[in-house]
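Here is a short report on a predicted model. It covers domains, helix packing and ligand shells.

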Amino acid sequence: MKKFVIIGLLIFNTVHAAGDAIAGKDKAIHCISCHNIDGNSIIPIYPKLAGQHEMYLIKVMKAYRDKIRDVPSMYTIAKKYFNNDNDIEDLAAHFAAQKPDSCIEPTIEVTANKIESCTICHQPDGNSVLPFFPKLAGQHKEYLIKAMQNYKNGSRRDPQMSQMALLFGDDSNIENIATYFANQKSNTCE
Ligand code: HEC
Ligand code: HEC
């Protein structure tokens with residue numbers, strides 16, 4: 001009996017959390033200048049959102065809104081567009097459903113040191129399976145470097161990543177890891 005209740009709750013939560021990707025596309029016009037309409041941002045300091053896990057995108061937008069991920073340059077955007085949970089869910093559904101542009105096999109050979117400790121959550125090729133671990137495959141190298149530096153210097157905090165940051169090593173190792181994941185092919189390509 002208890003099992004049924006739990007399953008029922010899970011289904012309810014899933015249905016409830018499902019955003020409307022069509023509505024999300026309209027709302028995404030406010031994101032175009034930095035992330036592009038399909039989430040394949042061209043400027044490397046703006047993360048790609050295309051094909052990212054929906055659950056992670058939702059979590060992050062709420063984290064900007066509530067300043068858990070405290071990034072001053074995101075304050076205005078968060079205030080305007082991440083104010084409402086429905087908008088967040090619609091935006092996340094839209095971007096998660098887009099096809100990433102990192103669909104070609106890597107042309108350069110990269111070997112990253114120290115990625116063994118990352119693979120349990122992010123997978124060896126950065127295509128993390130569990131929806132609360134962000135995909136790193138095909139993400140912009142510059143953005144990945146910045147994210148790792150921010151975990152390392154404490155300006156971005158997360159219970160898991162703040163611990164992992166102790167294993168990043170020096171700047172050249174961080175660059176090496178970022179280059180490796182940025183050059184992996186997304187698994188959401190056909
Ligand atoms: C002026 C440029 C700009 C605009 C417009 C913008 N963003 Fe961003 N976005 C950024 C930057 C810069 C970051 C990285 C910030 C950081 O270091 O946390 C970011 C990060 C994100 C992330 C986190 C990605 C990750 O991998 O953790 C999400 C999700 C996101 N933006 C969604 C949106 C959505 C949805 C919109 C439109 C409603 C939007 N952004 C509009 C600049 C922008
Ligand atoms: C125990 C699970 C776990 C392990 C192991 C782990 N990560 Fe993460 N990683 C996460 C989670 C959870 C997040 C999202 C945290 C947040 O919201 O800031 C994340 C986020 C990231 C991000 C930011 C992605 C984005 O889109 O902003 C990078 C980069 C990253 N991890 C790199 C690594 C590297 C490199 C390693 C290995 C040294 C590693 N991670 C090991 C769980 C893990």
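The protein chain is assigned two domains: domain 1 spans 19–101 and domain 2 spans 103–190. These bounds come from an automatic or database domain assignment. Over C-alpha atoms, the centres of domain 1 and domain 2 lie 20 Å apart. Domain 1 puts 15 residues into the contact and domain 2 puts in 16 residues. Contact here requires C-beta atoms, placed from the backbone, within 7 Å. On the side of domain 1 that touches domain 2 there are 6 nonpolar, 3 polar and 6 charged residues. In this scheme Ala, Val, Leu, Ile, Met, Phe, Trp, Tyr, Cys and Pro are nonpolar, Asp, Glu, Lys and Arg are charged, and the others, Gly among them, are polar.

Residues are numbered from 1 along each chain as its sequence is written, and chains are lettered from A and ligands numbered from 1 in the order in which they are written. This is a predicted model in which local features need pLDDT of at least 70, side-chain atom pairs count only at pLDDT 80 or more, and totals for chains, interfaces and linings use all residues.

Next, the helix pairs. Helices are DSSP runs (H or I, at least four residues), numbered from the N terminus. Axes are lines fitted to C-alpha atoms over the stretch in contact, and angles run from 0 to 180 degrees between N-to-C directions.

| Pair | Angle | Axis distance |
|---|---|---|
| α4 and α6 (residues 85–96) | about 140° | 9 Å |
| α8 (residues 141–153) and α10 (residues 171–182) | about 135° | 8 Å |

α4 and α6 are therefore oblique to each other. E54, L57, I58, M61 and K62 of α4 meet I88, E89, L91, A92, A93, F95 and A96 of α6. That contact of α4 with α6 has 9 nonpolar, no polar and 3 charged residues.

α8 and α10 are likewise oblique to each other. On α8 the contact uses K141, L144, I145, M148 and Q149; on α10 it uses I174, E175, A178, T179, F181 and A182.

Now the ligands. Ligand 1 is surrounded by 20 residues, with C31, C34, P47, Y81 and L91 closest. A residue is counted if its C-beta atom, placed from the backbone, lies within 6 Å. α3 (32–35), α4 (54–65) and α5 (75–81) each supply at least two residues of this shell. The shell around ligand 1 holds 15 nonpolar, 4 polar and 1 charged.

Ligand 2 has 22 residues around it; C118, C121, P134, A147 and D158 come nearest. α7 (119–122), α8 and α9 (159–164) each give at least two residues to the shell around ligand 2. By class, that shell has 17 nonpolar, 3 polar and 2 charged residues.

Definitions and conventions:
Two residues are in contact if their C-beta atoms, placed from the backbone, lie within 7 Å. Angles under 35 degrees count as roughly parallel, over 145 as roughly antiparallel, 65 to 115 as roughly perpendicular and the rest as oblique.
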